Amino acid sequence: MPHPRLADVKAFTFDVFGTCVDWRTSVKTALGAFIQDESTQTKFADQWRQGYIETMGRLAKTLTPDDTYPALDTIHREILDRLVVEYNLTLTSSEAEQLNLVWHRLAPWPDTPAGLARLNQHALTATLSNGSVRLLADLKRFGQLPFDVILSAELFHAYKPSPRIYQGAAKMLELKPEEVCMVAAHGRDLEAAKAVGFKTAYVHRPGEGHSSPEAVGNESYVDVSVDSIEALARLLDP
């Protein structure tokens, strides 16, 4: 029987960076052309990601519908340019542009494509990411990710964890909030989704800030906790 907390779910919305794709490995691979030491690659990649997280946290609180929407590629490039100086790297303008586009070609976690395909047998699946529509379309094609719908923070002129993202997604899917389940490897995303009425599923991913499935899975804002998207799909089997 389907898990009782997911019985009424008609759509699953997914965080993408870290939840569906292994951004760290892909970014480190791209950095290998400029940084030989693997530990330095890891440090650079983590700082690039941390700069993004800090910027998202600020924009989620301050960005209004009347503000000019800051493109994610531009945000990533500004962080990259600062790190290039900090690490004393030498990149041409073309090399920096191509390196910045690594966020459009991140490899999926091994279970993601099959897990999404299995979930599609039970409900709609959609991205719900701070990535732009174009970035998410590129990731979908690159990783052969069978999402039914691409939803982006860009569509709502906001960035997660702003409640406008989750409320807007439910409205676009023509569903009640409680009929949508947010799937993420990050507690802050799930907590924000739960606050507007979503069901929530925590997917444990190594290196995403939580030591074990139990670290977030036992929180009150988590309905189900799994170690893969395939495991999530199995919770819906009759």
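Modeller: Two strands count as paired if DSSP finds at least two bridges between them. Please keep in mind that this is a predicted model.

Colleague: Understood. In what order do the 6 strands form the sheet?

Modeller: The order is 3-2-1-4-5-6, in an open sheet with parallel pairing. Strand 3 and strand 6 (224-226) are the edge strands, and each of them pairs on one side only. On average, neighbouring strands of this sheet are turned by 25° against each other, with direction ignored.

Colleague: Which way do the residues of strand 1 point?

Modeller: Ala11 and Thr13 point one way from strand 1 (residues 11-14), while Phe12 and Phe14 point the other way; all are buried.

Colleague: And how many bridges does strand 1 make with strand 2?

Modeller: The two strands pair over 4 bridges in the parallel sense. Within strand 2, alanine 126 is the residue opposite threonine 13.

Colleague: How many bridges join strand 1 to strand 4?

Modeller: Strand 1 and strand 4 are joined by 4 bridges and run parallel. There, valine 180 of strand 4 stands opposite alanine 11.

Colleague: What do the buried residues of helix 7 pack against?

Modeller: They pack against strand 2 (124-129), strand 3 (149-152), strand 4 (180-184) and helix 8 (187-195). The buried residues of helix 7 (residues 163-172) are Ile165, Tyr166, Gly168, Ala169 and Ala170.

Colleague: Where is histidine 157 found?

Modeller: Histidine 157 is in the loop between strand 3 and helix 7. Its phi is near 50°, a positive value in a residue other than glycine.

Colleague: Why does histidine 157 count as partly exposed?

Modeller: Histidine 157 counts as partly exposed because its relative accessibility is 21%, and the partly exposed class lies between the buried limit of under 20% and the exposed limit of over 50%.

Colleague: Which residues does the cis peptide bond join?

Modeller: The cis peptide bond joins lysine 160 and proline 161, with omega about 10°. Proline 161 lies in the loop between strand 3 and helix 7.

Colleague: And asparagine 88: is it buried or exposed?

Modeller: Asparagine 88 is exposed, because its relative accessible area is 68%. This residue has a positive phi of about 55° although it is not a glycine, and it lies in the loop between helix 3 (72-86) and helix 4.

Colleague: Changing topic, what is the volume of the largest pocket?

Modeller: The volume of the largest pocket is about 240 Å³. Its lining has 15 residues, of which Met56, Asn130, Lys160, Pro161 and Arg188 lie nearest the centre.

Colleague: Where does the largest share of that lining come from?

Modeller: Helix 2 gives the largest share, 7 residues. Helix 2 (38-62) and helix 8 each supply at least two residues of the lining. By class, the lining has 5 nonpolar, 4 polar and 6 charged residues.

Colleague: Turning to the helices, where is asparagine 100 found?

Modeller: Asparagine 100 is found in helix 4 (residues 93-100). It counts as buried because its relative accessibility is 6%. Leaving aside neighbours within four places in sequence, asparagine 100 is in contact with Trp48, Asp73, His76, Arg77 and Leu80.

Colleague: Last one: why does leucine 31 count as buried?

Modeller: Leucine 31 counts as buried because its relative accessibility is 0%. This leucine is found in helix 1 (residues 23-31). Beyond its neighbours within four places in sequence, leucine 31 is in contact with Gln41, Phe44, Ala45 and Leu99.

Notes:
Residues are numbered from 1 along each chain as its sequence is written. This is a predicted model: local features need pLDDT of at least 70, side-chain atom pairs count only at pLDDT 80 or more; totals for chains, interfaces and linings use all residues. Side-chain values use heavy atoms; hydrogens and water are left out. Buried means under 20% relative accessible area, exposed over 50%, partly exposed in between (1.4 Å probe, protein chains only). Contact means heavy atoms within 4.5 Å. Axes are lines fitted to C-alpha atoms, for helices over the stretch in contact, and angles run from 0 to 180 degrees between N-to-C directions. On a 1 Å grid over the protein atoms alone, a cavity is a set of points where a 1.4 Å probe fits but cannot get out, and a pocket is an open set with protein on both sides within 12 Å along at least five of seven lines; lining residues have an atom within 4 Å of a point. Grid points are joined across faces, edges and corners, and a volume is the space filled by probe spheres set on the points. Ala, Val, Leu, Ile, Met, Phe, Trp, Tyr, Cys and Pro count as nonpolar, Asp, Glu, Lys and Arg as charged, and the others, Gly among them, as polar.
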